[in-house]
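Please find below my notes on this model, in numbered points.

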Amino acid sequence: MLKPLKHSLLVLGLVFAGSTLADEVKVAVAANFTAPMQAIAPGFEKATGHKLVAAFGATGQFYAQIRNGAPFEVFFAADDSTPGKLESEGLTVEGSRFTYAVGGLVLWSAAADYLDGSAAALKAGQFKHLSIANPKAAPYGLAATQVLDKLGLSEALRGKLVEGQNITQAHQFVSSGNAELGFVALSQVYKDGKISSGSAWIVPGDMYEPIKQDAVILKPGANNPAASALVDYLKGPEAARIIESFGYTL
């Protein structure tokens, strides 16, 4: 039986000692980008003196919250369409949207010998649970369904799917042993050029639509120097190095 997971939205205040903080920026960050943003934040705060307060969760959930008045100032989404919708609805700062990363999808197991670098175990179907993120709220979940469709496995594996509300929960189902394997963001299990734990099949990029991840400054951040400073920092070389180290392309 699956154990309940308590937190669908992780909120983290990233506060670092040192310089005097000038301004604070409230940021909504797609769950797949949790580790990179946590790694980027200290450098941003040291370089600018600003404080970054980040919430991590599903892109679809953030979209609903932003439309309902959540006071986020910058949004780092897991796709390009959601920031585009916010832009068309007049909820963003004109001209601020840009692609900060292109994500990769991976089939992952916490067991070191479960996957052999291919889709063989997935096709064999000798498992009880396959974890994915909710495809209606999380772009990586949608990408997972596209892979299953391409492999002709959607119907055969439908009864074995376990949906996390976001990609963090999808990963937790696998890492906790509640699911033998699952489709997660490459950034969650990849560091410095290799899979950091367990075993994996890095899904070829032509099996799902490109996961272009866009960021945008939202209307509440229009006059906040920390918001524009964060966007500028994400476009710089130090952030790029960290982003690529987690398996993203730019």
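**Notes on the model**

1. In strand β13, Val216 has Phe75 standing opposite. Strand β4 (residues 74–76) pairs with β13 in the antiparallel sense over three bridges; pairing requires at least two DSSP bridges between two strands. Strands are DSSP runs of E with at least two residues, helices are runs of H or I with at least four, and both are numbered from the N terminus.

2. This is a predicted model, in which local features need pLDDT of at least 70 and side-chain atom pairs count only at pLDDT 80 or more, while totals for chains, interfaces and linings use all residues. Residues are numbered from 1 along each chain as its sequence is written, and side-chain values use heavy atoms, with hydrogens and water left out.

3. Strand β5 also runs antiparallel to β13, joined to it by five bridges. Here Val102 stands opposite Lys212. Strand β13 (residues 211–217) is largely enclosed by the rest of the structure, because six of its seven residues are buried (under 20% relative accessible area; exposed is over 50%, partly exposed in between; 1.4 Å probe, protein chains only).

4. Val93 lies in the loop between α3 (81–88) and β5 (98–103). Val93 counts as partly exposed because its relative accessibility is 22%. Beyond neighbours within four places in sequence, Val93 contacts Ile217, Leu218, Lys219 and Ala222 (heavy atoms within 4.5 Å).

5. The largest nonpolar core has 60 residues; among those touching the most other members are Leu122 and Phe183. Helix α9 (residues 225–234) supplies the largest share of this core, seven residues. Such a core is a set of buried Ala, Val, Leu, Ile, Met, Phe, Trp, Tyr and Cys residues joined through side-chain atoms within 4.5 Å.
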